[in-house]
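Here is a short report on one protein model. Have the sequence and the coordinates open while reading.

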Amino acid sequence: MSIFINFSNHPSYNWSAKQQQAVSDLYDSEILDIVFPIVNAAADEAEIERISKECSERICGYHPVAVLCQGEFGVTYHVVQLLKKREIRILYACSERKTVEKKTESGTIKTSEFHFVRFREY
């Protein structure tokens, strides 16, 4: 079976049934979670490039059919570029946000729910 890599900080076991089904429908693949690294805000470009290269090499080792890539913007950008050079399909999830505001005695509480709609390719 082919591998669909979830390279994010959102484990696939927490995904909605709709998002998991989309992977199955589009790629008939097993989902493999690779945790997106924590990137220090003080990291310079050389560090971002080093992290990106390590991550992309790890991902390529699985020969994925597609990769969901969502995380810190700099690393995401570089990983997407590196994987596209290897002709690997790179995706991001598109969701609708539903926000509810509740007034309380001490202020307003705002909660957001995200509902998966589809994947888009970078």
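## Charge and surface

This is a predicted model. The protein carries 15 positive and 17 negative side chains. The centres of the two sets are 6 Å apart.

Of the 122 residues in the protein, 33% are buried.

## Overall layout

The protein has three helices and five strands. Read from the N terminus, the order is β-α-β-α-β-α-β-β. The C-alpha trace spans about 55 × 40 × 20 Å along its principal axes.

How much of the contact set links residues 24 or more positions apart? Counting contacts with a separation of 6 or more, such pairs account for 64%.

## Strand S3 and its partners

Strand S3 covers residues 66–69. It pairs with strand S1, residues 2–8, through four bridges. The two strands run parallel. Within this pairing, isoleucine 5 has valine 67 of S3 as its bridge partner.

S3 also pairs with strand S4, residues 89–104. Three bridges join them, again in the parallel sense. Here leucine 68 stands opposite leucine 91 of S4.

## Two covered faces

In a regular strand, side chains alternate between the two faces of the sheet. In S3, Ala66 and Leu68 lie on one side, and Val67 and Cys69 on the other. Are these four residues buried or exposed? All four are buried, and both faces of the strand are covered.

## Arginine 120

Arginine 120 sits in strand S5, residues 107–121. Is this residue buried, partly exposed or exposed? Its relative accessible area is 38%. Buried means under 20% and exposed means over 50%, so arginine 120 counts as partly exposed.

Which residues does arginine 120 touch, leaving aside those up to four places away in sequence? The contacts are Ile90, Leu91, Tyr92 and Cys94.

Serine 12 lies 108 residues from arginine 120 along the chain. Their C-alpha atoms are separated by 17 Å.

Key. Residues are numbered from 1 along each chain as its sequence is written. This is a predicted model: local features need pLDDT of at least 70, side-chain atom pairs count only at pLDDT 80 or more; totals for chains, interfaces and linings use all residues. Side-chain values use heavy atoms; hydrogens and water are left out. Buried means under 20% relative accessible area, exposed over 50%, partly exposed in between (1.4 Å probe, protein chains only). Contact means heavy atoms within 4.5 Å. Lys and Arg count as positive and Asp and Glu as negative; His and the chain ends are not counted. The place of a charge is taken as NZ of Lys, CZ of Arg, CG of Asp or CD of Glu. Two strands pair if DSSP finds at least two bridges between them.
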